[in-house]
Amino acid sequence: VTGANGGVGSIAIIILNHLGYEITASTGRPQESEYLTYLGANEIIDRAELASQGKPLNKEIWAGVIDTVGSQTLVNACASTKYRGAVAACGLAGGMDFPATVAPFILRGITLYGIDSVMAPIELRKEAWERLAIELDQTKLETVTTEIQLTDALNISNDILDGKIRGRVVVKL
């Protein structure tokens, strides 16, 4: 899980842990290792390992990846995914570009899934919410959630953009 300290990354770790997966969390904030381990991460790696330019194909490491970063991190995630593995791209924190080759797709048969919640049909949304009610540990969800007033949104926005906030921020209206 890349961008592991963010809202999507944190929730992904909780759900994957509940489902019994072994999780590696990628973060630029190693001081948050205890938090990520509490959520269910088995291993913590520095985001620099995935952020720099790599090879078209790297050693096969991941069966699957949830990427919230994009750009070079997504490229390296794909290049390190095992044969017939899957990568879910659901974020752009590192950029919208994708400077990759087709090698992981052709030679390893990996699948890159784009995650879209905007155009998803209502039936799919209902199924997702029902699964979240079962798979998402509510105690851990509370741990990753910071609730703020609308009047505080501007004050916290720079901290969010600077990657200083962990988990998700919910604006109470």
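A salt bridge is a side-chain nitrogen of Lys or Arg within 4 Å of a carboxyl oxygen of Asp or Glu. Keep that in mind, and remember that this model is predicted. Now open the viewer and start selecting.

**Stop 1: Glu 60 and Arg 108**

Select Glu 60 and Arg 108. They form a salt bridge, and their closest N and O atoms are 3.8 Å apart. That distance is within 4 Å, so the pair counts. Where do Glu 60 and Arg 108 lie? Glu 60 sits in the loop between helix H3 (48–51) and strand S3 (62–67). Arg 108 sits in the loop between helix H5 (103–107) and strand S5 (111–114). The two are 48 residues apart in sequence, so their pairing ties together separate parts of the chain.

Is Arg 108 buried or exposed? Arg 108 is buried, because its relative accessible area is 9%, and buried means under 20%. Glu 60 is partly exposed, at 38%.

**Stop 2: Glu 32 and Arg 166**

Next, select Glu 32 and Arg 166. This is another salt bridge, with the closest N and O atoms 2.7 Å apart. Glu 32 lies in the loop between strand S1 (24–27) and H2. Arg 166 lies in the loop between helix H8 (153–161) and strand S7 (168–172). Here the joined parts are 134 residues apart in sequence. Glu 32 is buried, with a relative accessible area of 14%. Arg 166 is partly exposed, with 35%.

**Stop 3: Glu 135 and Arg 131**

Move to helix H6 and pick Glu 135 and Arg 131. They form a salt bridge too, with the closest N and O atoms 3.8 Å apart. How many residues separate Glu 135 and Arg 131? Four, which is about one turn of helix H6, where both lie. Glu 135 is buried at 13% relative accessible area. Arg 131 is partly exposed at 45%. How many salt bridges does a search of the whole structure find? It finds three. Why can such pairs form? Side chains of opposite charge can pair when their charged atoms come close.

**Stop 4: across the model from Glu 123**

Stay in helix H6, which covers residues 122–135, and click Glu 123. Glu 123 is exposed, with a relative accessible area of 57%. Now draw a distance to Glu 32.

**Stop 5: the nonpolar core**

Select Val 1, Ile 13, Leu 36, Leu 39 and Val 144. They belong to the largest nonpolar core, which has 17 residues, and they touch the most other members. Which helices each supply at least two residues of this core? Helix H1 (7–18) and helix H2 (33–39) do. H1 gives the largest share, six residues.

**Stop 6**

Go back to the surface. Select Glu 22, Glu 43, Asp 46 and Glu 49. These residues gather in a patch of negative charge. Asp 46 is in strand S2, residues 43–46. Asp 46 is partly exposed, with a relative accessible area of 36%.

Then select Val 102, Ile 106 and Leu 107. They form a nonpolar patch on the surface, and together they have about 330 Å² of accessible area. Ile 106 is in helix H5. Ile 106 is exposed, since its relative accessibility is 63% and exposed means over 50%.

**Stop 7**

Most residues other than glycine have a negative phi. Click Ser 71, in helix H4 (residues 71–79). Its phi is near 50°, a positive value. Ser 71 is buried, with a relative accessible area of 10%.

Click Arg 84 next, in strand S4 (residues 81–89). Phi of Arg 84 is also positive, near 65°. Is Arg 84 buried or exposed? Arg 84 is exposed, with a relative accessible area of 64%.

**Stop 8: Val 87**

Finish in strand S4 with Val 87. Val 87 is buried, at 1% relative accessibility. Draw a distance from Val 87 to Leu 112. Their C-alpha atoms are separated by 4.8 Å, although the residues are 25 apart along the chain.

Notes. Residues numbered from 1 in each chain as written. Predicted model: local features only at pLDDT ≥ 70, side-chain atom pairs only at ≥ 80, totals over all residues. Heavy atoms only, no water. Patch = residues over 30% accessible without salt bridge, like charges linked within 9 Å, V, L, I, M, F, W, Y side chains within 5 Å. Areas by Shrake-Rupley, 256 points an atom, 1.4 Å probe, with all protein chains shown as cover. Lys, Arg positive; Asp, Glu negative; His and termini not counted. Charge placed at Lys NZ, Arg CZ, Asp CG, Glu CD. Buried < 20%, exposed > 50% of the residue type's maximum accessible area, 1.4 Å probe, protein only. Core = buried A, V, L, I, M, F, W, Y, C linked by side-chain atoms within 4.5 Å.
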